[in-house]
Amino acid sequence: MTAAPNPHDTARILVEALPYMQRYDDATIVVKYGGHAMGDADAARWFAQDVAILKEVGINPVVVHGGGPQIGKMLDRLGIKSEFKAGLRVTDQATVEVVEMILAGSINKNIVASINAEGGRAIGLSGKDGGMVTARKVTRSMINPDTNVEEIVDLGFVGDPDKVDRTVLDWVIASDQIPVVAPVASGSDGATTYNVNADTFAGAIAGAVGAKRLLLLTDVPGVLDKNKNLIDQLSIEEARRLIADGTITAGMIPKVETCIYAVERGVEGVVILDGKTPHAVLIELLTEGGAGTLITR
């Protein structure tokens with residue numbers, strides 16, 4: 001039998017959390033949920049509990065999720081070959097249909113169900129709902145390894161956020177529900193569907209709603225220095241310098257660039273943290289130590 005928690009310990013924890021609850025009272029927090037934490041049952045439950053608790057204490061969470069591994073598995077099952085260029089999945093018509101089915105369908109509804117099971121009231125959306133996000137076609141360049149010449153890469157139906165209409169999000173938040181948003185969006189013609197990188201999508205949403213915090217849940221503790229020690233906090237200028245000197249490399253570069261993008265658009269601070277840490281969201285927002293790397297202006 002599990003021992004009941006000491007009531008004095010429970011009271012102390014609540015008292016210590018109170019200033020942080022007051023700091024974020026009625027504030028909007030955007031959380032990008034992705035990585036391997038999405039595939040772990042315990043981590044998924046911790047995340048759902050955290051989101052439900054945030055809403056219960058007067059904070060307004062908005063969840064944006066990814067789903068790259070799940071998309072890859074479904075494409076393999078359907079015999080659709082995946083190709084990556086410039087770090088992004090080349091998305092043809094067949095692939096974008098699978099992307100939308102997985103992101104806006106099974107993954108989105110599973111997250112909604114998990115939050116609701118923990119006492120929250122979540123509602124599933126995508127960037128296409130209510131014209132929330134309009135995307136433009138992504139263009140990227142890369143060096144051709146055969147010719148050593150820089151070439152423009154056609155990624156198909158891969159998009160970047162162009163405009164964000166917050167009307168639907170405002171309505172959902174005002175109705176005391178938790179929006180869970182899949183990163184697919186329509187083009188300006190209203191007919192084309194684009195697959196949007198979840199980090200970039202979350203940054204655009206956070207900027208549009210004036211979020212107090214954007215949390216990027218990843219598979220690493222945060223930004224590490226050259227000695228592989230966690231950096232607790234960075235300014236935009238410091239982050240750019242660490243990219244330039246090679247401290248920040250590989251897949252961490254686009255994540256940090258998303259942080260800079262969001263802060264420049266009005267988000268007070270962006271945190272990169274490990275989504276596999278139990279209750280990482282609550283630790284970051286409602287404790288003194290926090291978790292991960294905070295990037296601010």
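Let's start with A208, which sits in helix α6 (helices are DSSP runs of H or I with at least four residues, strands are runs of E with at least two, and both are numbered from the N terminus). The model is predicted, so local features need pLDDT of at least 70 and side-chain atom pairs count only at pLDDT 80 or more, while totals for chains, interfaces and linings use all residues. Residues are numbered from 1 along each chain as its sequence is written, and side-chain values use heavy atoms, with hydrogens and water left out.

**Three residues to look at**

A208 is partly exposed because its relative accessible area is 25% (buried means under 20%, exposed over 50%, and partly exposed in between, with a 1.4 Å probe and protein chains only). Setting aside neighbours within four places in sequence, A208 is in contact with V164 and R166 (contact means heavy atoms within 4.5 Å). A208 and E268 are 60 residues apart in sequence, and their C-alpha atoms are 12 Å apart in space.

L224 belongs to the loop between β11 and β12. With 27% relative accessibility, L224 counts as partly exposed.

Is K255, at 17% relative accessibility, buried or exposed? K255 counts as buried, because its relative accessibility is 17%. This lysine is part of helix α8, residues 252–264. Beyond its neighbours within four places in sequence, K255 is in contact with K32, D199, L216, T218 and I272.

**The sheet and its helices**

Eight strands make up an open sheet with mixed pairing, in the order β5-β8-β2-β1-β11-β13-β14-β12 (two strands pair if DSSP finds at least two bridges between them). At the edges are β5 (122–126) and β12 (233–235), each pairing on one side only. Ignoring direction, neighbouring strands are turned by 20° against each other on average (axes are lines fitted to C-alpha atoms, for helices over the stretch in contact, and angles run from 0 to 180 degrees between N-to-C directions).

Within this sheet, β1 (residues 28–33) pairs with β11 in the parallel sense over four bridges. V31 has L215 in β11 as its bridge partner. Helix α6 lies across β1, β2, β8 and β11 and runs at about 175° to β1. Helix α5 (residues 167–174) lies across β1, β2, β5 and β8, at about 145° to β8.

**Two pockets**

A pocket is an open set of points on a 1 Å grid over the protein atoms alone, with protein on both sides within 12 Å along at least five of seven lines; lining residues have an atom within 4 Å of a point. Grid points are joined across faces, edges and corners, and a volume is the space filled by probe spheres set on the points.

| Largest | about 1200 Å³ | G87, L88, N197, A198 and D199 |

Which helix gives the most to the lining of the largest pocket? That is α8, with six residues. The second largest pocket takes two or more lining residues from each of α1 (7–23), α9 (280–286) and β14 (293–296).

Note on methods. On a 1 Å grid over the protein atoms alone, a cavity is a set of points where a 1.4 Å probe fits but cannot get out, and a pocket is an open set with protein on both sides within 12 Å along at least five of seven lines; lining residues have an atom within 4 Å of a point.
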